[in-house]
Amino acid sequence: MQRLASAGARAIVDMSYTRHFLDFQGSAIPRVMQKLVVTRLSPNFREAVTLLRDCPVPLPGDGDLLVRNRFVGINASDINYSAGRYDPSVKPPFDIGFEGLGEVVALGLSASARYTVGQTVAYLSPGSFAEYTVVPARAAFPVPSLKPQYLTLLVSGTTAYLSLQEMGGLSEGKKVLVTAAAGGTGQFAVQLSKRAKCHVIGTCSSEEKSAFLKSLGCDRPINYKAEPVGSVLKSEYPEGVDVVYESVGGAMFDLAVDALATKGRLIIIGFISGYQSPSGLSPVNAGTLPAKLLKKSASIHGFFLNHYLSKYQGAMERLLELFEGGELVCQVDRGDLSPEGRFTGLDSTFRAVDYMYMGKNAGKIIVELPHPVSSKL
Ligand SMILES: NC(=O)c1ccc[n+]([C@@H]2O[C@H](COP(=O)([O-])OP(=O)(O)OC[C@H]3O[C@@H](n4cnc5c(N)ncnc54)[C@H](OP(=O)(O)O)[C@@H]3O)[C@@H](O)[C@H]2O)c1
C-alpha cells in the first residue's frame with residue numbers, strides 16, 4: 001500500500017506483494033514528471049517529439065528499477081526512432097531516448113537481489129528522455145558514480161568495441177579508416193584501433209575536431225571541409241585501407257569502398273547523411289558494388305548493436321576497466337560551445353539533436369537533467 005507523505009509527493013514504502021519499494025532515506029519521489037514523447041512519426045525531431053510536463057512517475061515491476069535520470073545520451077538514431085524506423089508496428093505516442101545514467105530510487109523485489117536504492121547505474125533501455133525511467137534490472141549496469149563519461153560507453157563505446165572485435169580483424173600495422181571519427185562512437189573506434197597498433201585515418205568537419213582526433217592518437221585526421229577525402233586517400237594510401245568503420249553513408253560510403261585494399265573490410269555502422277530524409281537512406285553507387293568487391297576480394301559487413309547483446313556485458317566491463325585505468329578517453333560534449341550553451345533540462349534535448357545534425361559535436365552529446373536540491377540522494 002502507498003501512503004501519501006505530503007501533497008504532491010508519494011511515500012516511498014510500498015510493501016505490496018508485487019512491488020517492494022525499499023526505504024528511500026526520507027527523500028520523496030514526486031507523483032508527476034516531465035518526459036519526451038513521440039507524438040507523430042517523423043525524422044524531424046522537433047516535429048515528432050513533444051515535452052509532456054504532467055506524466056505520472058511510473059512504478060517499477062518486480063524485476064525493475066526506477067531510475068532518476070541525471071544524464072541522458074543523444075544518439076544519431078534518435079531521429080530514426082522518432083520516425084518509427086525501429087519498429088514500424090509501434091504507433092505514437094511512445095517514449096524515446098536509448099540510454100541514461102542515474103540513481104535507483106525504487107525497485108521491485110526480484111531486482112533488489114542485485115540492486116539497492118541510492119545505487120548509481122547506467123542503462124540501455126528505451127524511454128530515457130524522462131526525469132524517471134523504469135528499467136529492467138538486466139538492462140542496467142552498476143557504475144561507481146554519476147560521472148557523465150560512463151554514459152559514453154553504453155551505446156557508443158560498445159558499438160565500436162563489438163563491431164571491431166567481431167568484424168574488424170584488427171592487427172598491427174593495418175590501416176583503419178574511421179568516418180565521423182570525432183563523434184560519440186567514432187572516438188572509440190579511433191582509440192580501439194590505435195590500441196590494436198593500427199594506423200588510423202579519421203574524417204571530420206573542422207580543425208578543432210582534427211586537433212581532438214590528433215589528441216586521441218589518430219595518425220591522419222582529414223577535415224573534409226578543407227581537404228577532399230578521396231584525393232587524400234588516393235595519394236597517401238595508394239595500396240588502400242584494410243578496415244573501414246563507416247557511419248556517414250552516401251558519397252562517403254562510395255569513397256570508402258573505392259579506398260578498400262585487397263581483402264579489405266568495410267563495416268557499416270550507420271549512414272547518418274540519410275537519416276533526415278523521408279526514406280532514411282543515403283543513395284550509394286550500388287550498381288557497381290559487386291564488381292568492386294569481387295575485384296578486391298573485399299567485403300562489407302553490417303553491424304547493429306542489438307544483435308550482439310550476448311556480448312554486451314563483457315564489452316562494458318572491458319571499456320570501464322580501460323576508462324578507470326586512464327587508458328581510454330571518453331569525451332563528452334555538453335553543448336558548452338552551442339549557441340544557447342550547455343544542454344540542461346529535457347527541453348534542451350531538441351537543441352542537442354540539432355547540434356549533432358549540424359555536425360558540431362566533438363565526443364558524445366550528453367544532456368543533464370538537474371534535480372531539485374531537496375533531494376537527499
Ligand atoms: N550500428 C549500431 O549499432 C550503431 C550504434 C551507435 C551508433 N551508430 C551510428 O554511428 C554513427 C554516429 O552516431 P553517434 O550517435 O555516435 O553520432 P556522433 O558521431 O556523435 O555525431 C554525428 C556526427 O556525424 C557527422 N554528421 C552529422 N550530420 C551529418 C550529415 N547530415 N551528413 C554527414 N555527416 C553528418 C558529424 O561529424 P563530422 O561533421 O565531423 O563528420 C557529427 O558530429 C551514426 O551513423 C549512427 O547511426 C550505429
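These legends go with a set of close-ups of one predicted model.

Since this is a predicted model, local features need pLDDT of at least 70 and side-chain atom pairs count only at pLDDT 80 or more, while totals for chains, interfaces and linings use all residues. Numbering runs from 1 along each chain as its sequence is written, and side-chain values use heavy atoms, with hydrogens and water left out.

**View 1. The whole protein, for orientation.** The protein has eleven helices and 18 strands; helices (H or I, at least four residues) and strands (E, at least two) are DSSP runs, numbered from the N terminus. Its radius of gyration is 22 Å, close to the 21 Å that the globule rule gives for 377 residues, so the protein is as compact as a globular protein of that length. That radius is taken over C-alpha atoms, and the globule rule is 2.2 Å times the number of residues to the power 0.38. Along the principal axes, the C-alpha trace spans about 70 × 40 × 35 Å. Buried residues account for 55% of the 377, where buried means under 20% relative accessible area, exposed over 50%, and partly exposed in between (1.4 Å probe, protein chains only). Take the contacts (heavy atoms within 4.5 Å) between residues at least 6 apart in sequence: 67% of them join residues at least 24 apart.

View 2. Across the boundary, 22 residues of domain 1 are in contact with 19 residues of domain 2.

**View 3. The second largest pocket.** Both domain 1 and domain 2 give residues to the lining of this pocket, so it lies between them. Its volume is about 380 Å³. For the record, the search runs on a 1 Å grid over the protein atoms alone: a cavity is a set of points where a 1.4 Å probe fits but cannot get out, whereas a pocket is an open set with protein on both sides within 12 Å along at least five of seven lines, and lining residues have an atom within 4 Å of a point. Grid points are joined across faces, edges and corners, and the volume is the space filled by probe spheres set on the points. The lining counts 20 residues, with E208, L337, Y355, K360 and A362 nearest the centre. Helix α5 (207-215) and strand β17 (332-333) each supply at least two of the lining residues, and α5 gives the most, with three. By class, the lining has seven nonpolar, six polar and seven charged residues; Ala, Val, Leu, Ile, Met, Phe, Trp, Tyr, Cys and Pro count as nonpolar, Asp, Glu, Lys and Arg as charged, and the others, Gly among them, as polar.

**View 4. F71 and its surroundings.** F71 lies in strand β5 (residues 64-73) and, at 4% relative accessibility, counts as buried. Leaving out residues up to four places away in sequence, F71 touches G100, L101, L146, P148, L151, R334, I366, V367 and E368. F71 and L369 are 298 residues apart in sequence, yet their C-alpha atoms are 5.9 Å apart.

**View 5. Two buried serines in loops.** S42 sits in the loop between β3 (32-38) and α1 (45-48) and is buried at 7% relative accessibility. Beyond four places in sequence, S42 touches E47, A48, I79, S82 and A83. S247 is in the loop between β14 (241-246) and α7 (251-258), buried with a relative accessible area of 11%.

View 6. Most residues other than glycine have a negative phi, and most peptide bonds are trans. The peptide bond from P92 to P93 is cis, with omega near 5 degrees, and P93 is in the loop between α2 (78-82) and β6 (94-95). K197 has a positive phi, near 65 degrees; this lysine is in the loop between α4 (186-195) and β12 (199-204) and is exposed, with a relative accessible area of 54%. K263, in strand β15 (residues 260-268), also has a positive phi, about 65 degrees, and counts as exposed at 64% relative accessibility.

Notes: Domain bounds come from an automatic or database domain assignment.
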